[in-house]
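Please review the structure shown here. A briefing follows, with points grouped by topic.

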Amino acid sequence: MNARTVVVAGVRLGRGSTVRLRPLRRTDVLDLALTGRTAEVEAVEEDMEGRVHLVVSLHGDAGRDFATGLGHRFFFAPEEVEPYAATGPVGPDAAARPPEDGRRVLVAGIGNLFLADDGFGPEVITALLGRSLPQGVHAADFGIRGMDLAYRLLEGYDAAVLVDAAPRGGSPGTLYLLDVGPDDVGALTDAPGAHGMDPVKVLALARELARQEGLALPRVVMLGCEPLLRMRGDEADVEVGLSPPVRAAVGEAAAWLPSLTEELLRDPRGALTADAARR
């Protein structure tokens with residue numbers, strides 16, 4: 001049974017929340033090896049005996065993106081996790097909750113860590129774990145899970161920032177901000193990814209799902225990076241790791257996102273100011 005949310009240390013956790021794992025000594029030795037790792041809550045479930053479990057996937061775990069859709073999922077009791085914000089562990093008085101006006105912004109890293117510079121999006125999400133984000137901003141690594149992202153866009157966010165490699169002809173490491181919107185994905189057609197998650201198709205699917213359910217889609221902005229090493233995905237060998245210019249751009253993007261998301265929180269549909277629209 002899906003319990004949807006659970007309160008831990010005064011913080012309500014649910015799908016999309018970030019936690020740090022603190023497995024108890026009585027648990028499986030393999031779980032103990034994950035002590036201190038940060039993870040994203042995929043679901044909160046209740047078993048037949050009424051016990052609540054958090055289903056989580058580890059940050060930086062490429063196995064979460066297996067093509068089967070199953071990926072790596074782990075189960076922990078509420079007492080085995082601690083709420084975690086971009087600035088570190090949080091408690092009952094922490095500012096990890098949405099702002100009073102209820103606005104929320106999703107930062108979605110997309111890409112394949114095994115395809116060189118295509119791993120830009122997930123690497124930026126990892127870098128954000130050490131930075132402070134505005135209240136109401138949720139950062140998550142979606143890897144190549146396009147279906148998951150399409151459904152997440154239906155969960156009441158006011159704006160979403162897709163972070164991805166975006167070949168547009170500039171110098172490697174150049175960052176682009178593409179304001180595409182849910183009804184205008186033309187700007188993305190020149191920036192296809194090799195990772196199997198086509199942003200155009202994801203947004204088209206989200207738009208159709210929203211139409212069927214009578215829901216509103218958020219404004220969509222893409223923060224893209226010009227890659228140096230482009231792979232199609234059908235090469236004989238994988239290449240793990242970013243090229244030097246794209247690696248340098250990860251830090252720039254992570255430093256840019258707090259001001260960009262703060263601007264989107266203030267006015268999700270407004271024009272971006274120079275501070276938010278430029279590095």
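Where is E40 found? E40 sits in strand β4, which spans residues 38–46. The model is predicted. The protein has six helices and 13 strands. Of its 279 residues, 50% are buried. Among contacts between residues at least 6 apart in sequence, 68% join residues at least 24 apart.

- E40 is buried, because its relative accessible area is 2% and the cut-off for buried is under 20%.
- R20 lies 20 residues from E40 in sequence. The C-alpha atoms of R20 and E40 are 8.9 Å apart in space.

**Helices α2 and α5**

- Two packed helices are described by the angle between their axes and the distance between the axes.
- Helix α2 covers residues 120–128, and helix α5 covers residues 244–266. Their axes come within 9 Å and cross at roughly 55°.
- The crossing of α2 past α5 is right-handed.
- On the α2 side, the contact involves F120, E123, V124, A127 and L128. On the α5 side, the residues are V246, R247, A249, V250, A253, A254 and L257.
- By class, the residues of this contact comprise 10 nonpolar, no polar and two charged.

**Buried face of α2**

- The buried residues in α2 are F120, G121, P122, V124, I125 and L128.
- These buried residues pack against β9, β10, β11, β12, β13 and α5. Strand β12 spans residues 175–179.
- F120 has contacts beyond its sequence neighbours: leaving out residues up to four places away, F120 touches V163, D164, A165, L175, L223, C225, L242, V246, A249, V250 and A253.

**Nonpolar cores**

- In soluble globular proteins, nonpolar side chains tend to be buried together.
- The largest nonpolar core holds 28 residues. Within this core, V107, F120, V161 and L257 touch the most other members.
- At least two residues of this core come from each of β9 (105–110), α2, β10 (137–143), β11 (159–165), β13 (219–225) and α5.
- Helix α5 gives the most to this core, with 10 residues.
- Another core lies apart from the largest one and has 24 residues. Its members include L149, A160, L162 and Y176.

**Positive phi at two alanines**

- Most residues other than glycine have a negative phi, and most peptide bonds are trans.
- A9 has a positive phi, near 55°. A9 belongs to the loop between β1 (5–8) and β2 (11–14).
- Is A9 buried or partly exposed? A9 is partly exposed, with a relative accessible area of 45%.
- A116 is not a glycine, yet its phi is positive, at about 50°. The loop between β9 and α2 contains A116.
- A116 is buried, because its relative accessible area is 1% and the cut-off for buried is under 20%.

Methods: Residues are numbered from 1 along each chain as its sequence is written. This is a predicted model: local features need pLDDT of at least 70, side-chain atom pairs count only at pLDDT 80 or more; totals for chains, interfaces and linings use all residues. Side-chain values use heavy atoms; hydrogens and water are left out. Axes are lines fitted to C-alpha atoms, for helices over the stretch in contact, and angles run from 0 to 180 degrees between N-to-C directions. Helices (H or I, at least four residues) and strands (E, at least two) are DSSP runs, numbered from the N terminus. A crossing is left-handed if the near helix is turned anticlockwise from the far one by less than a right angle, and right-handed if clockwise. Contact means heavy atoms within 4.5 Å. Ala, Val, Leu, Ile, Met, Phe, Trp, Tyr, Cys and Pro count as nonpolar, Asp, Glu, Lys and Arg as charged, and the others, Gly among them, as polar. A nonpolar core is a set of buried Ala, Val, Leu, Ile, Met, Phe, Trp, Tyr and Cys residues joined through side-chain atoms within 4.5 Å. Buried means under 20% relative accessible area, exposed over 50%, partly exposed in between (1.4 Å probe, protein chains only).
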